[in-house]
Amino acid sequence: MNDLRANAFRNVAVVSNTGVGKTSLVEAMAYATGAIPNMGSVLQGTTVSDFEPEEIHRKISLNTSVLHMTWQDTTLNILDTPGALSLFGEVRAAFRAVDGVLLVVGASTGVRSELVRVWKVARELGLPCLLFVNELDKEGTKFSVAVEDCQKAFGVTCVPILLPDGEGNSLNGVVDLLRSVAVKPRPDSAKVLEGSVPGGLAAQVEEGTKRLVEGVAEIDDQLLETYLSSGELSDGQLADGLRSGVQSGALLPVLCGSAIRNIGTTALLDAIVTLLPSPASATASVHLRGVHPATGDSESRKPLPTEPLSAFVFKTIIDPFMGRLTYVRVLSGIMSADAGLYNVTRQLREKGGHLFSIVGKKYSSVPAAVAGEIVAIGKLKDTQTGDTLCDEQAPIRFPELHLARPVLSFALEPKSKADVEKVSLGLHKLIEEDPALEFVRNPETKEMVLSGTGQLHIDVAIEKLRRKYGVEVTLRTPKVPYKETIRAVAQAQGKYKKQTGGHGQYGDCWLELMPLARGKGFEFENRIVGGAIPRNFIPAVEKGVVEAMHEGILAGFPVVDLRVSVYDGSYHVVDSSEMSFKIAASMGFKKAMEAAHPVLLEPLMTVDVEAPQDQIGAVIGDLNARRGRIVSVSAAAHTEVIRAVVPLAEMLKYAPSLNSITAGRGSYVMEFSHYEEVPRELASRVIEEQKAAKMAVAAH
């Protein structure tokens, strides 16, 4: 069993935007700790954390990988997360499993808005951060420039605790300011060489140490008083002050190096162990607060093995060899292999399977996991990502995951009609692994619609659907769920009379249609007096109206927002029936619709677009061109947020356009707002297109 001390663990999410060497850095950490025998390469597709075929092909991370390793008698669980903004759901889920965050910045690219967004979420969750400036071996890079960029972007005191020894191709190693030693990698070895600071760096080291000490002193009145009176801080005071500043969020220590050359890796591992909090620290309490499932009262747990068991599911994987694997962060108590578990979210008991420590796609069986540990559980049948597992006798439910709503949708059509059910089955399996995906059968448009948080998100899902489940699909823009309504009051008679050899059919009703306010739906009113239509036939009249409303007279879209009143009619004692009145009502409804000034309605969406300040004019101009109405523009850190109301028809292909306008730095979310009338010239086009589509179907 692992060490029962929760302070013997560090759980850290490594985050960045794409293309700055985050996965290479995680690979170097695994190599330095001995978790892997050799360093792999992203370009060659041999890294331990990017192992899915789609990741190897694209050379970027698409899923969160967990790497279990040990450093300085401390167990590290390092979570390598995707950098693409459209896969941010993976990062949010990973944050529920960790107590600290490592931000990775490319020295040549600087801080991108995606990373600022991740930083803001980490701050909101109270997760302490370290920052690593990578790729300092690239020509033209300057560590001082990168630190300045970080200081502006994150708005917090950035204090370098490492300095580079050399620049570009001449980068030899780093200087550890906390220990005043130079650290260089050994060729063909995970170990490092430590020595005295090179004479040429003495002035830089002196200046850097002064900046570090002043940064630490300024966040604590007592330390500041000591520094002002004596001009220095002891090693112990500096270390304690730095640790306190990191864990309170007042300081952001900056480390540096080159991941692919394994420069700065061991110093980074030291910083993770000494500066980031353990699961036993006060900062971990954000994970430990929940509610009692029966009463809703607040509940909490201490991160101790002596507490009742509680754990949070942050990821689900369906492995081709291992089967279904559930990744959990054990928050309290002890979880034993093959022991029964209670899923409080779904209120069911699960028969627990084997427990595994994780290094990429390699799983090693462990007998138990204690508070603070991250493990995978095999073969839980009904447990999903976001669920809470706990002791049934001491129930607690932790908050579920709140992932970004999908913004990009495509209608799916299997290339083989025999694969319709396989599409549905495969996508539901993919959604178990990635709950940020959404799949529905739209009852209005009769389409299978897959929605995701961006084009990459959708593309990867389709690739996995083909690889894992053998289903080929074509994607097309989904239909807009238009509706029809009326603008005027109208009356019409619906009369159905049919004589056959035996009993005939006779139904006669007068209907009045009246428009209702937008969003009111449908109301039916019986105004018959004197028995003009027997009471038992009134439900048939309503049913006929409802069925007729499924296809309006303009383009066959559903009819909404009106009141239908039946106010007169006649019947035949023998020939009248429910069917005859249903048909009569349908006929009367269609006649009245023609006279009630029917119009087409379209769905409008509330859209929140976040974009860099220098691109805001172009974004607003584009939204206006999409018939959008700007509601507000508000400032955020380094970005602005535009709220607009835009027709859904204009937003179906917005994601690639926004990426083009903002060079990939913008993002948006949207949700349904309301329906509004389509402008006349556009309505005519929609109606003609719908009629043409129906004729094409009929021709087949």
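This is a guided tour of a predicted model, stop by stop.

**Before you start.** Residue numbers run from 1 along each chain as its sequence is written. Local features need pLDDT of at least 70 and side-chain atom pairs count only at pLDDT 80 or more, while totals for chains, interfaces and linings use all residues; side-chain values use heavy atoms, with hydrogens and water left out.

**Stop 1: helix α9.** Select residues 265-275. Helices here are DSSP runs of H or I with at least four residues, strands are runs of E with at least two, and both are numbered from the N terminus. Ten of the eleven residues in α9 are buried. Buried means under 20% relative accessible area, exposed means over 50%, and partly exposed lies in between (1.4 Å probe, protein chains only). Among the buried residues are L268, L269, I272 and V273.

**Stop 2: the nonpolar cores.** Now select F95, L103 and F154. These have the most contacts inside the largest nonpolar core, which has 113 residues. The largest share of this core, seven residues, comes from α9. A second, separate core has 47 residues, including L450, V609, V619 and A644. A core is a set of buried Ala, Val, Leu, Ile, Met, Phe, Trp, Tyr and Cys residues joined through side-chain atoms within 4.5 Å.

**Stop 3: the largest pocket.** Select T445, K479, V480, F557 and Q690. Of the 34 lining residues, these are the closest to the pocket's centre. The pocket holds about 1,000 Å³ of space. Its volume is the space filled by probe spheres set on grid points, which are joined across faces, edges and corners. A pocket is an open set of points on a 1 Å grid over the protein atoms alone, where a 1.4 Å probe fits, with protein on both sides within 12 Å along at least five of seven lines; lining residues have an atom within 4 Å of a point. The largest share, eight residues, comes from α16.

**Stop 4: salt bridges.** The count comes to 35. The rule is a side-chain nitrogen of Lys or Arg within 4 Å of a carboxyl oxygen of Asp or Glu.

- Select R58 and E463: their closest N and O atoms are 2.4 Å apart. R58 sits in α2 (53-58) and E463 in α11 (455-469), 405 residues apart. R58 is partly exposed at 29% relative accessibility, whereas E463 is buried at 18%.
- Select R487 and E677: the N to O distance is 3.5 Å. R487 is in the loop between β28 (483-486) and β29 (490-498), and E677 is in strand β36 (667-677), 190 residues apart. R487 is exposed at 54%; E677 is partly exposed at 34%.
- Select E135 and K138: their salt bridge is 3.5 Å, N to O. E135 is buried at 12%, and K138 is partly exposed at 37%.
- Select E52, E54 and R467: a network of salt bridges links them.

**Stop 5: two loop residues.** Select K379, in the loop between β22 (374-378) and β23 (388-390). Its phi is positive, about 65°, although K379 is not a glycine. K379 is exposed, at 65% relative accessible area. Then go to R627, between α14 (616-625) and β34 (629-636). R627 also has a positive phi, near 65°. R627 is partly exposed at 26%.
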